[in-house]
Amino acid sequence: MIRPGGWRLAALCAKPPAPSDPDLWMRHFLDFEKPIAELEGQIEELRRTTDAGGIDVADEIGKLRDKAEKLLATTYAKLSPWQKAQVARHPDRPKCLAYIAGLIEEFTPLAGDRAFADDQAMVGGLGRFRGQPVMVLGIEKGTDTDSRIRHNFGSPRPEGYRKARRLMELAGRFNLPILSFVDTAGAFPGVEAEARGQAEAIARSIEAGLEAPVPFVATIIGEGGSGGAIAIAAADRVLMLEHSIYSVISPEGCASILWRDSAQAPTAAEALRLTAEDLKRLNLVDSVVPEPMGGAHREAAAMVATVGDRIEACLTPLLALDGATLRARRREKFLEMGRTGIV
């Protein structure tokens with residue numbers, strides 16, 4: 001059996017997912033994590049002292065580690081919506097291709113919209129999820145400068161959404177469940193994208209998701225921005241990671257429109273109710289997936305496995321339903337959102 005992701009996925013990835021070993025994890029700290037960063041720095045200095053001179057400082061390291069873990073737990077227990085937005089955008093957070101590599105066996109990418117071009121911000125293809133043949137869709141942001149440029153920082157153009165539509169329709173033809181991984185600040189806002197019909201492409205992609213005669217499970221793994229996210233998230237079940245965000249507009253965009261000042265982004269984040277907790281309470285997502293303490297980037301492998309378990313739990317009962325039932329339930333689900341409204 002080809003290992004998950006296989007060589008085909010390696011052609012798409014600039015580098016493997018961030019390691020989950022706590023001794024090797026990221027060196028990027030967010031602004032509100034500065035006290036944690038200071039403790040981690042002290043631990044690293046003591047380790048180097050031990051390695052260089054053979055001095056035993058294990059007890060001191062243990063005390064500092066306990067202190068750092070407690071501070072981490074306290075900090076992440078009371079994150080504001082704006083801080084959650086920062087965690088959702090963390091550069092070391094596992095991206096779409098990390099989930100595909102960890103969960104999808106024999107992945108075979110499919111390229112192009114058969115009309116204009118292949119948009120590499122939108123990743124899609126065939127594979128097996130725990131033995132079940134599936135169609136996979138996802139928006140990839142990239143993990144370093146080269147890959148971020150190649151994937152257009154996770155902002156698909158019209159051809160990306162037309163590719164998504166093509167693959168969803170293909171999944172319906174061959175009775176393949178659809179799994180999607182959403183991580184985008186929004187669709188690409190450039191003039192050329194508007195000239196090629198960005199709004200129409202997104203609308204058609206949403207329509208394809210709603211009309212798909214197969215099970216459809218979407219997971220918000222980082223940012224879920226505007227119609228660019230909904231385009232591949234009009235699903236039977238929508239999962240959302242604990243520190244991900246999902247909103248009609250980014251906090252910065254909202255602040256620029258309402259206050260003409262992007263510095264008001266923290267205030268906008270509060271008003272948008274974009275956190276997983278808010279959206280679950282409003283019945284706009286179906287389930288919240290807990291993250292490791294400190295965010296998905298600290299234990300990437302464990303996060304990927306947890307997401308896989310949640311997807312399997314959602315997908316299994318859907319496999320027993322016929323296409324007409326799936327479409328009817330999906331339609332009713334989204335109509336109910338409009339009838340209920342947000343209060």
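Select Arg89, Thr184, Ala185, Glu223, Gly224, Gly225, Ile245, Ser247, Ile249, Ser250 and Pro251: these residues line the largest cavity. A cavity here is a set of points on a 1 Å grid over the protein atoms alone where a 1.4 Å probe fits but cannot get out, and lining residues have an atom within 4 Å of a point. The model is predicted: local features need pLDDT of at least 70, side-chain atom pairs count only at pLDDT 80 or more, and totals for chains, interfaces and linings use all residues. Residues are numbered from 1 along each chain as its sequence is written, and side-chain values use heavy atoms, with hydrogens and water left out.

The largest cavity has a volume of about 60 Å³, a volume being the space filled by probe spheres set on the points, with grid points joined across faces, edges and corners. Searching the whole structure gives 1 cavity of 30 Å³ or more. Colour its lining by class: 4 residues are nonpolar, 5 polar and 2 charged (Ala, Val, Leu, Ile, Met, Phe, Trp, Tyr, Cys and Pro count as nonpolar; Asp, Glu, Lys and Arg as charged; the others, Gly among them, as polar).

Next, select strand 5 (216-225), which gives the most to this cavity lining, with 3 residues. Strands (E, at least two residues) and helices (H or I, at least four) are DSSP runs numbered from the N terminus.

Now show the neighbours of strand 5, where two strands pair if DSSP finds at least two bridges between them.

- Strand 4 (residues 178-184) pairs with strand 5 in the parallel sense over 6 bridges; leucine 179 has valine 217 as its bridge partner.
- Strand 6 (residues 237-241) pairs with strand 5, also parallel, over 4 bridges; threonine 219 is partnered by leucine 239.
- Strand 7 runs parallel to strand 5 and is joined to it by 3 bridges; glutamate 223 stands opposite isoleucine 245.

Move on to the largest pocket, an open set of points with protein on both sides within 12 Å along at least five of seven lines. Select Ile230, Tyr246, Leu279, Leu284 and Met337, which lie nearest its centre among 18 lining residues. Helix 9 (198-211), strand 7 (245-247), helix 12 (265-272) and helix 15 (323-340) each give two or more residues to the lining. By class, the pocket lining has 16 nonpolar, 1 polar and 1 charged residues.
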